[in-house]
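Me: I have a model open and would like to know what stands behind each label in its description. Please set the values against the definitions as we go.

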Amino acid sequence: QADYYTPVGASQTVRLSDGSNVTLNTDSAVAVAFNEEQRFVRLLKGEAYFDVRRDEGRPFVVDSGETETRVLGTRFIVRDGAAEDKVTVMQGLVNVSNKANRQNVLLHPDEQVVNTSSGLTAVRLLADHRESGWLKGRLSFQDTPLEQVVNDVDRYLPGLILFSDPTLKTYRINARFDVTRPSRAL
């Protein structure tokens, strides 16, 4: 179903027919369908950064399952996770919807919302640019449970990472990793 995809450990920037750019993170896939009324992208899996060219007559819509993100022109990231979708705005305004619960929220620059089966969370104001670090080849974590860090690093490696001692999962760490060398993070 994908028009563009990246394998584990790779990223790719694609220029779409309207002049917008999509950067796919590791192990990600999108399907693109543009017509005269709207520009539609389905995030099939993974994470993507969108740098959308403004077009007043055609909204740009990203569908990531239970979440719909609608813009005219802006920069934002959508991450499609197993239990939640996360939308982070870098520039411009983005309308995010939980399709099942019919909830909407308008995000401004440096704001983020998470969508789960329960609905949209409260909007978070981001103090740093950790969410977009992968665009520059790094992952950064501050006071983060080791299990979450391992899950994020695991996206960049083939295979499976297991904990031999489950008590380590809650251990909190601060770290920065190079995504081009994910095995060094381990």
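Me: What makes a set of residues here the largest nonpolar core, and which members touch the most others?

Reply: The largest nonpolar core has 23 residues, and F50, F60, V62, F76 and V96 are the ones that touch the most other members. The label asks for buried Ala, Val, Leu, Ile, Met, Phe, Trp, Tyr and Cys residues joined through side-chain atoms within 4.5 Å, where buried is under 20% relative accessible area, exposed over 50% and partly exposed in between (1.4 Å probe, protein chains only). At least two residues each come from β3 (21-24), β5 (39-51), β6, β8, β9 (85-91), β10 and β11 (103-107), and β5 gives the most, with four. Apart from this core lies another, of 15 residues, including V149, V150, V153 and Y156.

A word on the ground rules: this is a predicted model, in which local features need pLDDT of at least 70 and side-chain atom pairs count only at pLDDT 80 or more, while totals for chains, interfaces and linings use all residues. Residues are numbered from 1 along each chain as its sequence is written, and side-chain values use heavy atoms, with hydrogens and water left out.

Me: What does V96 touch beyond its sequence neighbours?

Reply: With residues up to four places away in sequence not counted, V96 touches T67, E68, T69, V87, Q103, N104, V105, L107, V113 and L120. Contact here means heavy atoms within 4.5 Å.

Me: Why is strand β7 called largely enclosed?

Reply: Four of the five residues of β7 (residues 67-71) are buried, so the rest of the structure largely encloses this strand. The strand itself is a DSSP run (E, at least two residues; helices are H or I, at least four), numbered from the N terminus.

Me: How do you know that β7 pairs with β6 and β10?

Reply: Pairing requires at least two bridges found by DSSP. β7 has four antiparallel bridges with β6 (residues 60-63) and four with β10 (residues 94-98), also antiparallel, so both pairs meet the definition. Three residues lie between the strands of the β6 and β7 hairpin, where G65 takes a positive phi near 95°.

Me: What makes F163 partly exposed?

Reply: F163 has 24% relative accessibility, so it counts as partly exposed. This residue sits in the loop between α1 and β16, and beyond neighbours within four places in sequence it is in contact with L146, E147, V150, L168 and K169. In helix α1 (residues 146-154), the buried residues are L146, V149, V150, D152, V153 and D154.

Me: What makes a space a pocket, and how much space lies in the largest pocket?

Reply: On a 1 Å grid over the protein atoms alone, a pocket is an open set of points with protein on both sides within 12 Å along at least five of seven lines, whereas in a cavity a 1.4 Å probe fits but cannot get out; lining residues have an atom within 4 Å of a point. The largest pocket holds about 700 Å³, and among its 31 lining residues R79, K86, E131, Q148 and D152 are closest to the centre. β15 gives the most to this lining, with eight residues.

Note on methods
Points joined across faces, edges and corners; volume = space filled by probe spheres on them.
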